[in-house]
Amino acid sequence: MTVPKAAPRQPLGGFALLAWVVAAAAAFFLLFFLITAVLRQIPDPIGPRADLFVEGARMTLQLTVVSGLIGLLVGIVAGIMRTSAVWLVRAPASLFIWLIRGTPLLVQILFVYNALPPILQAIGLKVELNEFWSAVIALALNVGAYNAEVIRAGILAVPRGQTEAARSLGLSGAQTMRTVVLPQALRIVVPPLVNNLVALLKDSSLASSIALLELTLAGSRVSSETFQPVPVLTTVACVYLALTTVMTLFTDQLEKRVKIATR
């Protein structure tokens, strides 16, 4: 008697990706509901200030999502530029990655918030950056530099014969990169890109240095007000752990789907 085989999981397509995004959004919505309900049951100093912790956690997640998406685009562009044979194209990307990876993220956040607006005004651009967008710019550029090296490695991992075959069929260099090389490279580098996203969620705590009310600053304010750092910092750590756990669960599913699609 033969045992029926389980139905194979479908590769990640447009509809599956949309379903994944909707499920992740629903999971985080439920997570915030549970965090609010649990924190309100905890005695002082946590319970009466539960809404402040939840507001900070929402800002942390918002920072991560917006910065992560922009950082992915920055990484793709810089990664492609890094693989160019033209020095004038490759040099700016190399300089950008060298600067970002060689300086602390905290310094980058402070520079964007305090120094970038005067620099822009000096060249005639009147741009006002609030705390949120200053943090987004700094975080996106930082994770974008690391994503660029990951994507460059993925592009180099695609067999050279793929490029040669595409060019022999009459595709231009840009068409070959867009339709042949880049889709394969992105599938290869999904795991390290996911790790960068999880690290970005934790790095967003540095946005507290410019008074952006994210989770770390919320905890710091409660701790300063109540002089009870142990329960406050324990709560902050637990909320971060909950956020990273849910994010990791869904990014693991994305990795599995991508592996199926590449078989």
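**Helical architecture and local contacts of the predicted chain**

Residues 230-250 are 100% helix and 0% strand, with end C-alpha atoms lying 31 Å apart, where helices (H or I, at least four residues) and strands (E, at least two) are DSSP runs numbered from the N terminus. The model is predicted, so that local features need a pLDDT of at least 70 and side-chain atom pairs count only at pLDDT 80 or more, whereas totals for chains, interfaces and linings use all residues. Residues are numbered from 1 along each chain as its sequence is written, and side-chain values use heavy atoms, with hydrogens and water left out.

The pLDDT, which is the predictor's confidence in each residue on a scale from 0 to 100, averages 89 over the chain, and 93% of the residues score at least 70. Over residues 1-9 the pLDDT is below 50, and this stretch has four contacts in the model beyond near neighbours in sequence, a contact being defined by heavy atoms within 4.5 Å.

The secondary structure of the chain comprises 10 helices and zero strands, and the C-alpha trace spans about 75 × 70 × 25 Å along its principal axes. Of the contacts between residues at least 6 apart in sequence, 76% join residues at least 24 apart. Buried residues account for 39% of the 263 residues in the chain; here buried means under 20% relative accessible area, exposed means over 50%, and partly exposed lies in between (1.4 Å probe, protein chains only).

In UniProt, an unreviewed entry annotates residues 12-39, 59-81, 93-116 and 230-250 as "transmembrane region"; the positions are given in the numbering used here, feature names are shortened, and annotations may be inferred rather than shown by experiment.

Glu149 is found in helix 5 (residues 131-157) and is buried, with a relative accessible area of 17%. Its side chain makes polar contacts with the side chain of Arg82, at 3.1 Å, and with the side chain of Arg152, at 3.4 Å; a polar contact is a pair of N or O atoms within 3.5 Å, of which, within protein, one must be able to donate a hydrogen and the other to accept it, while residues adjacent in sequence count only if both atoms are side-chain atoms. When residues up to four places away in sequence are not counted, Glu149 touches Arg82, Ile97 and Arg101.

Met177, in helix 7 (residues 173-188), is likewise buried, with a relative accessible area of 18%. Not counting residues up to four places away in sequence, Met177 touches Ile80, Thr83, Ile155, Leu182 and Pro183.

A search of the whole structure finds one aromatic pair, formed by Phe132 and Trp133 in an edge-to-face arrangement, with 5.2 Å from centre to centre and 80° between the planes. Rings of Phe, Tyr and Trp (its six-membered ring) pair if their centres lie within 6.5 Å, and planes under 30 degrees apart count as stacked, over 60 as edge-to-face and the rest as tilted. Phe132 counts as buried at 13% relative accessibility, whereas Trp133 is partly exposed, with a relative accessible area of 42%.
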